Every structure is written in C-alpha cells, then in structure tokens.
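Here are my notes on the model, point by point. Please keep the structure open while you read.

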Amino acid sequence: MINNNENANFNKDTIFQVSTLEALLTGSLDGFISIKDLKTKGDFGIGGITGLDGAMVVLDGEWYHCKDDCRVFSIDDNEMSPKFMISSFNTDKRIDINKKINYEEIKEIINSERPTSNIMYAVKIEGKFDNIKFKVYPKQNKPYQIGTVIAKSKKERTLENVKGTLVGYIMPNHLLDITSVEYHLHFVTDDKVYGGHLIDFQLSEASVYLDYKHNLQLVVPQTEEYYKGDLCNRQYEIEEISSIVYNKEKEI
Amino acid sequence: MNNYLQTKKTDTFTHISTSVAFCQGVLDTNIKLEEIRQFGDFGFGSTAGLQEAFIMLDNEIYFSEQIDSNRTLNLSLLTFFKPNPNKHVAINSHMNKKQLGEYFQSIIPTKNITYAVRLDGSFEFVELSRFPSFKKPYPKLTPEDIDRSKKTELRNITGTLVGFWLPDYAKKVNSGANKLHLHFISSDKKFFGHVTDCEIINGNMAVDYKHSLNVVLPKNNDFYTADLDNIDDRMVRGVSTWTQKDI
C-alpha cells in the first residue's frame, strides 16, 4: 500500500493520461514512462505496458498485471508504459445497485445519477457478477501490427458467480479528441487471480463509487514515431476496433 | 527520474477552461488570479466575464487595470517558458501574421505536440482586438458579440508576441488549435492584447516544445449545466475567425 504521506502529494483533482489511443494506432506502442514514475501520480488507474502485453489494473495502491490467459502477475517498477490513466481515488458519490443489470444498463444508471456529463469521473464498481467477460492482448512485437489486427488477437476469459472490482474512467464528449472513449474499465477479481479489459457483464449486486475530476493532464512521447504519426481522422478505425473488442460485429 | 514527470514546471502547457465552455457562456472558473503562478510564467487570459485581460511575460503579470488577486479566471493559457535551444530564429524580413504562421508551421518538427512561442521585435503595426466583457448572469455568447470586439492599431512599435500553437486533438479545448494564437505587449508595457494582425519588421523568435497538455475544467454550476454537445457552429467559426484572422 502507498502510505498516506505519498498520497497527500497526489493532485486529487487530476487524471494523468499517458499518450492517446490515436498514438497507439500510429505505432507508438513502446513505453516511455516507467511504472515507478507512474506510482508518483496515483494509486488508482488502468493502462498497459510496452507492446500492450496484457492489461494493468491499479487499485488501492496495488499494481496488477493481467496477461496471458487473463491471470494476474506482479509488475516490475522498471517496466515502461505507452498508455495509462492514473489518479487518486476519493469517493464523491456512491450508488448502490440491487438488481440484475448489464454493462449498458449500469452506464444508464451512472449517467442519470452523476451531477453533470461535462466533467470527468474516476469510477470504481465493486460487484457480485453473475458473469463477466474481459480480455487482454498478447504481447505485440515490432514491427507492430495495425490496430484492427491487434484487436482481433485478444484473449478473452469469462467468469461466472465471481466477486470483483471494475476500475476506470468516464470521459465527457467534449474531451473525446484526447481521451478517445467515454467509458473505459478494467476488471480484477476479489482474490486477485484474474483480470483484464472489461467487455461485458451481468451483475446482481454492486456499489458504484464516483470521484469527480476536473483536471486532465495528457503527456505524449518525445519520439520520432509519435512525431511522424498521423493522429487525425482515426474515428472510423477506433469504432471498428471497439466493435471487435466488444464483440459487437457479430452479436448485433 | 523520468523527465516526462518533471513536467509540472518545465514541459506542461495549461489551458484553464475550454473554448466549447466559453461559447456556451461559461465565463468563470474556480481558479483565482493569485493561483496562476503554479501554472506558468508566460501566457495570457482574462478574468471572469472577460472583465479584465492579462498577459504574463518573464513571470510578471500585466493587467488592463488594477485587479483584486481574488478574482477568478475565464479562459487562460499558461506555461513555464523554456525555449528549445535549437529553436531561436532571427527574423530579418517583413512578415505579417499570416506569413509568420506559415513560417512557424514550416519549422516545427511535428503537429502532434503543443508549442509556446515568443517573438521580440519591431513592428510596423500591431492590430489588437478586445472582446466585449459581460456581467452575471452570463449570457450564451453569439456571433454578434464577437462583432462588438474593439480594435486598436499600434504603429511603429517594439514589443513581444506571446503565443501558443495547439495540436488538432485540442480543437475543442481551444478553437484556435492548429494555428498560432498570438498576444502582444509593447516594450514600455503600456499596451497589450489579442493580435488579429501585425507587420513584423524584424525580431527574434524562440519556440518551446510542450509534451504535456493540462486541461482545467471549471468547477461551477454554469459549467456543470452547460450544453456542451450542441454548440452553435456559427459561434465556433466566429471565435475561431476572431482568434485566427488572416491565417
């Protein structure tokens, strides 16, 4: 656990964002900020490491590296990240849910209970899941493949009747040019054995915690790869990847 | 330690409030004037309701009139100016604002980061424009409000251009993204403001590369209740044209 002294140094209203999805899509998958340095920015967050080797979950100051078949491993402080969202977490609002709902339905509840759609939220959902599906990517190697090919390489896992926590962020529309997606959640089980990027779930009981955030600090890489990337007009590609990740292309 | 994380003082550009909020009549934030030194020593902005304008150069803040440091800010752009040693450029031929913008875009290594720009020089003329100011309750701004901007022309004057260039992905943060956004302060510090045009005789330009963009959203009821998803296109174009005339 990160001690309280360190905690006091976190800017409580800031989400620290390492790079963008658009940058990943132009091949900037090499990490440029170490896990050790990210630990100075918060004790709550989600992200990945070089080559998108799995998915990271940071909860209560503990860092979980979900990889291979969505199992949790420890992470070395010297690993580097190409993409991360990290912050502190202090609950501003709690919503208790005691009925069967899925991912889309919980979004509707959160969207109607939050005070405004114009700010950012760090979100934590502790739940009893009837079923939950999540995924990780296998480690990508250079030369990196295009986004849709990487998206199709995902390794999924589905668990039934499991307790766990969803960790992530909700972003307002007006910041999507920087943050790319509105809801972005990762999952880790209570026993910290499994985790990954959330695809979908059905839950029967949950507590949703929201932390209102008003500062977004984006940091981009100082690399030739990033400098030469064409970041514009990637929306279609992002939608395509999203439909592959969330299995929308076949289900709907 | 990784230099990316020492960004608070060296490599971060801070944008207080956003253009989309401004267009919807959010003209105030919870950031006080006395707090701005934590965000930089270089930049410009205005106080709530655009009541007073300010420019910051070499860690000095210049105001249009005496202001209480408790006043809260409207849109403000700030950074710690640490120019790249390889990007000091002497300008020895006449250039207007449009030509400066084109020249700037030809010397930057990428359009994917933010830049701070300082140009000390002599000017044949500098045209400044002052946006109208508003009192509470703040109205939703209209293109006609932009037309009420007051122009001032300064002739044969020396001074400093203080500017920023923001990447395309910041276009909702600042509708002047992808273009140079310039303010001016005269050497005698008597005149300053937003530049709509100028003719540079000669000068020295310094460019600072920023790899961190810090967006500070207003923490107030006006912002929480603003309809930011349905912005009047005429207004966005109007503000963009006002900030970018001739580029």
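1. Start with one term. Two strands pair if DSSP finds at least two bridges between them. Now apply that to the two chains of this predicted model. Strand β15 of chain A, residues 215-219, and β12(B) are joined by five bridges. The two strands run in the antiparallel sense. Look for Val219(A), which has Ser212(B) of β12(B) opposite.

2. How many residues of each chain are in contact with the other chain? On the chain B side there are 28, and on the chain A side 27. Two elements of chain B give two or more residues each to the side that touches chain A: β12 (212-216) and α5 (221-225). The largest share, five residues, comes from β12(B). By type, this side of chain B divides into 15 nonpolar, eight polar and five charged residues.

3. Next, the confidence scores. For the complex, the predictor gives an ipTM of 0.93 and a pTM of 0.94. Chain B has an average pLDDT of 91. In that chain, 94% of the residues score at least 70. Where pLDDT is low, predicted coordinates should not be read in detail.

4. Now take chain A as a whole. Its secondary structure comprises nine helices and 15 strands. Of the 252 residues, 46% count as buried. Consider also the contacts in chain A with a separation of 6 or more: 79% of them are between residues 24 or more positions apart.

5. Buried residues make up 48% of the 247 in chain B. Among contacts in chain B with a separation of 6 or more, 81% link residues 24 or more positions apart.

6. Val58(A) stands opposite Trp63(A) of β5(A). These two strands form a hairpin with two residues between them. In its turn, Asp60(A) has a positive phi of about 50°.

7. β5(A) also pairs with strand β6 (residues 71-73) of chain A, through three bridges and in the antiparallel sense. Here Cys66(A) is opposite Val72(A) of β6(A). β5(A) and β6(A) form a hairpin with three residues between them. Asp68(A), in that turn, has a positive phi of about 55°.

8. Some backbone angles deserve a check. Most residues other than glycine have a negative phi, and most peptide bonds are trans. Which residues does a cis peptide bond join in chain A? They are Lys142(A) and Pro143(A), with omega about -5°. Pro143(A) lies in the loop between β11 (120-136) and α5 (147-152) of chain A. In chain B, a cis peptide bond joins Lys136(B) and Pro137(B), with omega about -10°. The loop that holds Pro137(B) is between β8 (114-130) and α4 (143-147) of chain B.

9. Finally, look at two positive phi values in loops. Asn233(A) has a phi near 55°. Its loop is between α7 (224-228) and α8 (235-245) of chain A. Leu50(B) has a positive phi of about 55° and is not a glycine. Its loop is between β2 (42-47) and β3 (53-57) of chain B. Are these residues buried or exposed? Asn233(A) counts as exposed because it has 9 C-beta neighbours inside 10 Å, and the cut-off for exposed is 12 or fewer. Leu50(B) has 21 such neighbours, so it counts as buried; here the cut-off is 20 or more.

Terms used: Residues numbered from 1 in each chain as written. Chains lettered and ligands numbered in written order. Predicted model: local features only at pLDDT ≥ 70, side-chain atom pairs only at ≥ 80, totals over all residues. Helix = DSSP H or I, 4+ residues; strand = E, 2+ residues; numbered from the N terminus. Contact = placed C-beta atoms within 7 Å. pLDDT = per-residue confidence, 0-100. Nonpolar A, V, L, I, M, F, W, Y, C, P; charged D, E, K, R; others polar.
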